[in-house]
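Have the viewer open as you read.

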Amino acid sequence: MTLAPLIKLNDGYSIPQLGLGTWPLDDEKVSAAVVRAVEAGYRHIDTAVKYGNEKGVGDGIKASGVDREDLFVTTKLDGEFQGNDRAAEGLDGSLQRLGLDYVDLLLIHWPLPARDEFISTWKTFERLQAAGKVRSIGVSNFKPAHLERLLAETDVVPAVNQIQLSPAITRTAERDFHSRLGIVTESYSPLGGSGGDLLSAPILYQLGEKYEKTPAQVVLRWHIQQGLVTIPKSGNPERMRENLDVFDFALDPLDLAEIAILDEGPGAGNDSDATGH
Ligand code: A2P
């Protein structure tokens, strides 16, 4: 059984470098998926209030029999829970649905800058962390400008920024910014997302032939080699195993250069000044 290596966070905790993304699996499907994922060696599960599947994730964790301490669980609070103390209530609801007494990582799902509530929300996150209801705190979909403001006005540097990232959406400036601050970059939609066509790129197929791997494994290896944490989603146990089986080969610099032709440039991907929930 493969276990993903651990990446150290800026608060002393560690995160398994590869986890299971769970959107858009519903409660029933995600519960079965979590059981199969744990069997396959996954120890990191990513959910969010907005996915509407925290109860199923919790049921799956319980049914898997894995020790709580061996598992890394992330959830995210969306706009409904931003502003002053609302995050405290939000986290209580998540913990109840998950059947847990802490989560390993709590994220602000979107910055929603027009609402201007992420600073007070973050201060609540800092208190929730001090109270032990969450080990690590972080953000998602934050741009460097949002992070700059957060750092200027609050005390705790986010452990993680989870952003849309793949060989097509490389976010290199954002990643450099995170590295300078000690923030781990976590890639969501690492395979190009549900309904995406990234995996049909011929170069991924060609590199897969070279290493006897699939296009998805080549893409995940690309994330891993760059020190990114990544959360490919699959409800299919065969693909889950495939996606975790990326720690026994290495892409060489020429391969990485070839994959770089898939980069759609700095403007690619979602714009969190204009979108979010
Ligand atoms: P499925 O859940 O049916 O396996 P992302 O992680 O970038 O959001 O991508 C998720 C999409 O990629 C889902 O449609 C998922 O489908 C599909 N997917 C996940 N793993 C693989 C794989 N190993 N090969 C092909 N497609 C995959």
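Contact here means heavy atoms within 4.5 Å, while helices (H or I, at least four residues) and strands (E, at least two) are DSSP runs, numbered from the N terminus. This is a predicted model, where local features need pLDDT of at least 70, side-chain atom pairs count only at pLDDT 80 or more, and totals for chains, interfaces and linings use all residues. Residues are numbered from 1 along each chain as its sequence is written, and side-chain values use heavy atoms, with hydrogens and water left out.

Start with the helices. A87, A88 and L91 in α3 meet T121, T124, F125 and L128 in α4. By class, that contact has five nonpolar, two polar and no charged residues (Ala, Val, Leu, Ile, Met, Phe, Trp, Tyr, Cys and Pro count as nonpolar, Asp, Glu, Lys and Arg as charged, and the others, Gly among them, as polar).

Now for the sheet. It is an open one, with eight strands in the order β3-β4-β5-β6-β7-β8-β9-β10 and parallel pairing; two strands pair if DSSP finds at least two bridges between them. β3 (20–21) and β10 (229–230) sit at the edges with a single partner strand each, so one side of each has no neighbour in the sheet.

Further in, β4 (residues 44–46) and β5 (residues 72–77) pair in parallel over three bridges, and D46 stands opposite T74 in β5. Likewise, β7 (residues 134–140) and β8 pair in parallel over two bridges, with V139 opposite N161 in β8.

How many residues of β8 (residues 160–164) are buried (under 20% relative accessible area, with exposed over 50% and partly exposed in between, using a 1.4 Å probe and protein chains only)? Five of its five are: V160, Q162 and Q164 on one side, N161 and I163 on the other.
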